[in-house]
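The following note is intended for a colleague who is meeting this structure for the first time. Please read the numbered points with the structure in view.

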Amino acid sequence: CTLIENYTVTIHPENTVTQVINECGSYTWPVNGTTYTVSGTYTEIIQDQFGCDQTYVLNLTITTNTPIVETITACDTYTWPINGTTYTSSGVYNHSVVDINDCIQLYTLNLTINFSTTTTINETHCDNYIWPLNGMTYTSSGTHSHTVVGTNGCDETTILNLTINNSQVINETVSECDTYTWPVNGQTYTTSGTYFATGTTPEGCLIEYVLNLTINMRSTIVEDVFSCTKYTWAVNGTVYNQSG
């Protein structure tokens with residue numbers, strides 16, 4: 001007899017599954033439970049329930065962000081562009097941002113703050129003053145400043161509060177008879193002329209005294225008068241009744 005048998009055959013194909021993964025720092029692949037920290041292509045073959053090989057391919061990109069360190073030296077203040085914060089003291093500052101790969105990027109700022117200085121000096125002088133810092137000559141009182149860059153790279157400002165006291169010339173015109181004693185120097189003069197003496201103001205500046213002196217000499221007028229009985233002197237209106 002002829003035996004006819006019918007069979008139903010099911011063919012299970014072997015599959016290849018490819019995964020493309022981008023991760024930060026590390027990635028644990030669920031297919032095999034392995035943690036990867038380096039970018040690369042990884043393959044894992046697993047048999048399914050039918051005994052067929054299933055190939056898994058992992059195209060992995062691991063992004064590892066190395067901390068970015070900035071070393072900055074500034075005067076007085078520094079505004080960090082990374083976070084817009086203004087710092088007024090030295091120190092180490094950190095800031096984290098998420099990059100385009102959703103990874104955390106750490107920034108570290110090593111900051112040194114050097115400070116500007118301001119020094120005020122007071123000077124009092126007669127007539128003028130030459131400021132050694134800038135070589136300028138000043139002839140009037142006022143406030144002046146001079147700024148240079150110090151050894152730390154920051155401004156060193158010196159403020160000058162200047163008082164200028166002026167010397168004086170005092171002229172005196174005097175007319176006297178016979179002699180004149182000048183109170184300024186205690187000298188007695190018997191002839192006309194121009195005389196000089198010096199002194200100081202309360203601020204210690206020079207005073208030059210000029211004396212324009214005119215000495216007028218006394219004169220004696222002698223009158224010889226002969227009169228009878230009495231005589232009235234016209235000079236003083238006195239009546240004299242005896243010789244003398």
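**Notes on selected residues and the largest pocket**

1. Leaving aside residues up to four places away in sequence, Thr55 touches Asn15, Thr16, Val17, Thr43, Glu44 and Ile45; contact here means heavy atoms within 4.5 Å. Thr55 itself belongs to strand E5, which covers residues 53-63. Strands (E, at least two residues) are DSSP runs, numbered from the N terminus. Thr55 counts as buried because its relative accessibility is 18%; buried means under 20% relative accessible area, exposed over 50%, and partly exposed in between (1.4 Å probe, protein chains only).

2. On the basis of the model: it is predicted, so that local features need pLDDT of at least 70 and side-chain atom pairs count only at pLDDT 80 or more, while totals for chains, interfaces and linings use all residues. Residues are numbered from 1 along each chain as its sequence is written, and side-chain values use heavy atoms, with hydrogens and water left out.

3. Where is Asp127 placed? Asp127 is in the loop between strand E11 (117-126) and strand E12 (129-130). Its relative accessibility is 31%, and Asp127 therefore counts as partly exposed. With residues up to four places away in sequence not counted, Asp127 touches Tyr138, Thr139, Ile164, Asn165, Asn166 and Ser167. With one of these, Ser167, the side chain of Asp127 makes a side-chain polar contact at 2.7 Å. A polar contact is a pair of N or O atoms within 3.5 Å; within protein, one must be able to donate a hydrogen and the other to accept it, and residues adjacent in sequence count only if both atoms are side-chain atoms. Asp127 and Leu206 are 79 residues apart along the chain, and their C-alpha atoms are separated by 9.5 Å.

4. How many salt bridges does the model contain? The count comes to 1 salt bridge, where the term denotes a side-chain nitrogen of Lys or Arg within 4 Å of a carboxyl oxygen of Asp or Glu. The side chains of Asp178 and Arg218 meet in a salt bridge, with an N to O distance of 2.3 Å. This pair links distant parts of the chain, 40 residues apart: Asp178 is in the loop between strand E16 (168-177) and strand E17 (180-181), and Arg218 is in the loop between strand E20 (206-216) and strand E21 (231-233).

5. Are the two partners buried or exposed? Asp178 counts as buried because its relative accessibility is 18%, whereas Arg218, at 64%, counts as exposed. Asp178 also touches Tyr189, Thr190, Ile215, Asn216 and Met217, besides Arg218, when residues up to four places away in sequence are not counted.

6. Two backbone angles deserve a look. Phi of Asp178 is near 70 degrees, a positive value in a residue other than glycine. For Thr229, phi is likewise positive and near 70 degrees. Thr229 lies in the loop between E20 and E21, and counts as exposed because its relative accessibility is 72%.

7. The largest pocket has a volume of about 520 Å³. A pocket is, on a 1 Å grid over the protein atoms alone, an open set of points where a 1.4 Å probe fits, with protein on both sides within 12 Å along at least five of seven lines; lining residues have an atom within 4 Å of a point. The lining comprises 16 residues, of which Val225, Tyr231, Tyr240, Gln242 and Gly244 lie nearest the centre of the pocket.

Terms used. Helices (H or I, at least four residues) and strands (E, at least two) are DSSP runs, numbered from the N terminus. Grid points are joined across faces, edges and corners, and a volume is the space filled by probe spheres set on the points.
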